Amino acid sequence: MLHWIALLPGHLEPCPEAHASQAAHHDEPQAEPQVPACVMPTVLSPLHLGWWALQFTPRVALLEDAVVLEVQASERLFGGARVLRERIVDEARAHGAEAFGHAATALAAVALARDGRAKMPDDGHDDEAEVDGLGKLAVCLDTLPLDVLPGVATHGPTLARLGCRTLADVRALPRGGLSRRFGAGLLQTLDRAYGRSPEAFDWLVLPPVFDARLELPGRVESAPALLFAASRLLQQLCAWLAGRQAGVTAFTLRWLHDWHRRDSSREGEWTVRLASPTRDYPRLSRLLAEHLQRIQLHAPVGDISLHADAIEALPVSSQQLFQEYREDQLNAGPDALLTPSAQRAQRDALLAVLEKLSVRLGPERVLQARIQADHRLECAQQWLPAVQALSDKNRQPTPAKLLADTPQPCWVLPEPLPLALERGMGQHPVYQGRLTLLAGPHRVEAGWWDAHTGHARFTRDYYLASSAHAGLLWVFKSQQATDEAGSPWYLHGFFA
Amino acid sequence: MNLPSVSLSLPRGAAALPEHVAQAVWRGDAMGRAASTVIASGHPALDAELPGGGWPCQAMTEVLLAQSAQAEWRLLGPALAQVVRQGGSVLLIGPPHPPHLPGLSREGLRDDRLIRVDARTPAERLWATEQALKAGCVSAVLSWLPQVRPEQIRRLHACAAQHPGPLFVFRPVKAQADSSAAPLRVLLGLGACPHPLQVQIIKRRGPMLDQVLSLPHWPAGLTSLLPPLPPRSLAPLPAVSLPVPASSSTTPSSPESDAHRRPHHAALDRAAARASRAMS
């Protein structure tokens, strides 16, 4: 017994701006008031809903305005017919599908979905009807009106004048006369819907590359306003990625100017790179919004396109042997990191926020350090952009016991701070009061091998010093000859 | 001022309350329970005085410092190391200096778990902190906010409720006089020469704590180099020399004189606690 699910997409708004301006929500005070951080998803067209449905089964087809899926072969993989059906219906509703039906034949599923929609046009509640077995299917179809079945609806007015109100009335007519008067198509449609003759479909195939274009309804002058239109393309991208079971790691937004000065190009483009592959629409939309804030358009834009540059297969979270904690992350607390899928989700959440910070502040200001085996404090760690460092798969964990022989401060000054001297009795360095040397010297004499990198060789005696107000300090006395005025004492770090 | 009379009527009525309501009522003279999970601070003397026995998650903790880069890691290091051990990360937003990872990794803070965000302007710091709190990842967020208004603190505190980890906000000592939405406020200073941490809890869900906690904790490997702690300072000291900002170092002021200058609304936080303590 085959298992068909029919999805009826909602109606597309003709103008993205009209919808987006209502759907957009403001959650950031710092953003411009008229530009939202993210655009809520809108309704997908039947083709893109079909792309999205390809993640569940390779057998997806378009039937007039409906998307039909044959999911019988996938039931076991997704945890049973009922679980799969509920999942598809829930997720399709989030993508704007309005009505659902499932039955043993595709036409019957469409008919049931349409019938449900006709009864409850604006109510988003579950309109699905359960039909199993060909006998029950016939009983259920017999009561439906004529306009729900695609091949029958065209002859609806004529059949109505013959006195037919339901499909049962049409089936009761003599087949020979029906065939002569309405052509073979009507009988064929009825037989297919009732499971008496086989159905044939042109299966939907994903395009190998994603490159979608959208003509804007009006001229757009500022880059952040492109977000509304670009979000629609992003949603199509997410549908395409879902069908491929992949995530995007780089995509390019291109735009075409309506007019342009002679010295400037007619086109422009901006590539967005991601730290980890994703097809999470809110994350992509927020990231694109941040990028658009940085783009300056030099002329109005009439037309945009989106191209997926690089995609990667996304790991599918495997079935858990034990029921996983489906708690809110808040309550899960540190235990949330016990399962591999939770760890992956954590990593993605961290990368997403670091990406966002990097876009606004610049990658050189969101940093992570790597410990280097060097005795010079300036070279003991190397700061890298955090997104790059975290997404590096070849990273080796740093051995714990590096440089265990000398005390290491917790804060380090990027440039050693020269300390004044108290000239009274002897020569004592001063930093918020006279310093008391507690331990030392620790001689660091290094750097002769890479004088060319700017860290010239030096000889320093490090001391642990105590200041009345600043606490424990890491100071050094340079052993190199300084000019007359300079003090040989420097502050280099804090034991804070 | 009718606040005390309101809180006085509470204990009398508490006996008649249904059990689940009575559990939700917190009397000002009793130590509050933490609403969320806590992370042990690693200082037993401090844990004993913190509601729930540690730093709260999903809430803001304010640390007031006379000057930055004085004792942050010594106070928070053990708790942050625990966050890292559990798989979380540590985000530093607008730190005063670059942290030194070779020193911090000895405390258990791995270099691949520590992220430094160089936000400079106050608006950038607030924005970055808010984004880190909204991300929903298990992390400890440390934010240096030298200039921040009370309503901005309130907003961050509301955001912190969604965040599974702890949030520490570092502010200058002069912010002690301002009212703050943070449920836990700590004044951090240093003692005399081996510089034990001097911690004063100025606001908590519990009775007022007048004494200054002295926490003998130093970075790993440093203890052998330091002079021995005078035995007197091991015991909790009754309000001794808290360090003062470097700018006003010529005229040191004690916390008692600060208390007189404390404006009205800061004292309001305490009114309920004082009143119920006077009753019992």
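## Where chains A and B meet

Two residues are said to be in contact if their C-beta atoms, placed from the backbone, lie within 7 Å. By that rule, 57 residues of chain B are in contact with 55 residues of chain A. This is a predicted model, in which local features need pLDDT of at least 70 and side-chain atom pairs count only at pLDDT 80 or more, while totals for chains, interfaces and linings use all residues. Residues are numbered from 1 along each chain as its sequence is written, and chains are lettered from A and ligands numbered from 1 in the order in which they are written.

Helices (H or I, at least four residues) and strands (E, at least two) are DSSP runs, numbered from the N terminus. On the side of chain B that touches chain A, at least two residues each are supplied by α4 (72-85), α5 (101-106), β5 (114-117) and α6 (122-134) of chain B. Sorted by class, this side of chain B has 30 nonpolar, 19 polar and eight charged residues, where Ala, Val, Leu, Ile, Met, Phe, Trp, Tyr, Cys and Pro count as nonpolar, Asp, Glu, Lys and Arg as charged, and the others, Gly among them, as polar. Strands also link the chains: β9 (residues 366-371) of chain A runs antiparallel to β5(B) and is joined to it by three bridges, and two strands pair if DSSP finds at least two bridges between them. Within β5(B), Arg116(B) is the bridge partner of Leu367(A).

## Chain B as a whole

Chain B has nine helices and ten strands. Of its 280 residues, 45% are buried, a residue being buried if 20 or more other C-beta atoms lie within 10 Å of its own, exposed if 12 or fewer, and partly exposed in between, with C-beta atoms placed from the backbone.

## A sheet in chain A

Chain A holds an open sheet of four strands in the order β2-β3-β1-β4, with antiparallel pairing. Because β2 (60-63) and β4 (97-103) of chain A stand at the edges with a single partner strand each, one side of each is left without a neighbour in the sheet. From one strand to the next, the twist averages 25°, with axes taken as lines fitted to C-alpha atoms, for helices over the stretch in contact, and angles running from 0 to 180 degrees between N-to-C directions.

Four bridges join β2(A) to the antiparallel strand β3 (residues 66-70) of chain A, and in β3(A) the bridge partner of Val60(A) is Leu69(A). Helix α3 (residues 81-94) of chain A packs on the sheet, where it touches β1 (4-9) and β4 of chain A, and its direction makes about 160° with that of β4(A).

## The largest nonpolar core

A nonpolar core is a set of buried Ala, Val, Leu, Ile, Met, Phe, Trp, Tyr and Cys residues joined through C-beta atoms within 7 Å. The largest has 191 residues, among which Ala6(A), Ala109(A) and Val475(A) touch the most other members. Helix α11 (residues 227-244) of chain A provides the largest share of this core, twelve residues.

## A glycine in a loop

Gly183(A) lies in the loop between α9 (175-182) and α10 (184-193) of chain A. Gly183(A) is exposed because 12 other C-beta atoms lie within 10 Å. Gly183(A) and Leu237(A) are 54 residues apart in sequence and 42 Å apart in space, C-alpha to C-alpha.
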